[in-house]
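Trainee: I am new to this structure and would like a close look at one part, the salt bridges. Please take me through them and then through what lies around them.

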Amino acid sequence: MTTSQLLIDELRSRRQTIAFCESLTAGLAAATLADVPGASDVLVGGLVTYSAELKISLAHVSEELIEREGVVSAAVAREMARGARRACGSDWAVSLTGVAGPADQDGVPAGTVWIGLAGPKWTASSKAAELLDAGSGRYALVPGAPVPVRVLSGHRNEVRRRAVEAALLGALSGVREQS
């Protein structure tokens, strides 16, 4: 059974809904969930906020937070999820923000992806590479960082697909934990 089907089944059994706020995946996570028959029972919609401006205007992420933390950060991922949950009126919302590549962006290595999850009781964020098996990631050097950081491996579209799988796994885990 796919992660998408498991997530739909978990949400359906709880009579809960989900929405997405996507940057680097540009709607791929919502589309992946929608590929499963019955997704309409739980999927209410989502926001594609590829630009910082749309993160601010649609997901209500503060401009100050983006300036301080950068768009590819744990804090922005959490706020994107909170904003999507409010905007879409869902029980849960998942956000994805990161750098798909091929090049680094503003000193952030390609493959760096943050997943945000907002639910009825809490909001959290995780690095996508930490939600998947070891074969889905690699280590990257970041200027000024004392140790290499774990990021998703692969070319641009592989990073995007892996980010979606990490987001769906993270959402499934979160929904199951909050029973």
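Mentor: What follows starts with the salt bridges and then moves to other helices and a charged patch.

This is a predicted model, in which local features need pLDDT of at least 70, side-chain atom pairs count only at pLDDT 80 or more, and totals for chains, interfaces and linings use all residues. Residues are numbered from 1 along each chain as its sequence is written, and side-chain values use heavy atoms, with hydrogens and water left out.

Side chains of opposite charge can pair when their charged atoms come close. A salt bridge here is a side-chain nitrogen of Lys or Arg within 4 Å of a carboxyl oxygen of Asp or Glu. The structure holds six of them.

One of these joins aspartate 9 to arginine 12, with 3.2 Å between the closest N and O atoms. Both belong to helix H1 (residues 3-14), and because they are three residues apart there, about one helical turn separates them. Helices (H or I, at least four residues) and strands (E, at least two) are DSSP runs, numbered from the N terminus. Aspartate 9 counts as partly exposed because its relative accessibility is 29%; buried means under 20% relative accessible area, exposed over 50%, and partly exposed in between (1.4 Å probe, protein chains only). Arginine 12 is also partly exposed, at 32%.

Arginine 12 has a further partner, aspartate 41, and here the closest N and O atoms are 2.9 Å apart. Aspartate 41 lies in the loop between helix H2 (28-34) and strand S2 (43-48), while arginine 12 is in helix H1, so this pair ties together parts that are 29 residues apart in sequence. With 47% relative accessibility, aspartate 41 counts as partly exposed. Through shared partners, salt bridges join Asp9, Arg12 and Asp41 into one network.

Glutamate 10 is buried, because its relative accessible area is 17%, whereas arginine 176 is partly exposed at 40%.

Helix H6 (residues 156-177) also contains alanine 171. That alanine 171 is buried follows from its relative accessible area of 2%. From alanine 171 to proline 102 the C-alpha distance is 27 Å, and the two are 69 residues apart in sequence.

Now the charged patch. Glu53, Glu63, Glu64 and Glu67 form a negative surface patch. Patches are made of residues with over 30% relative accessible area and no salt bridge, with like charges joined within 9 Å and nonpolar side chains (Val, Leu, Ile, Met, Phe, Trp, Tyr) within 5 Å. Helix H4 (residues 63-69) gives the most to this patch, with three residues. Glutamate 67 is in helix H4 and counts as exposed, because its relative accessibility is 60%.

Last comes helix H5 (residues 74-88). At 1.5 Å a residue, its 15 residues should span 21 Å, and its end C-alpha atoms are 21 Å apart, which agrees; the expected span is 1.5 Å times one less than the number of residues. The buried residues of H5 include Ala74, Val76, Met80 and Gly83. Just after H5, glycine 89 takes a positive phi of about 65°.

Note on methods: Accessible areas come from the Shrake-Rupley method with a 1.4 Å probe; for residues, only the protein chains shown count as cover. Lys and Arg count as positive and Asp and Glu as negative; His and the chain ends are not counted. The place of a charge is taken as NZ of Lys, CZ of Arg, CG of Asp or CD of Glu.
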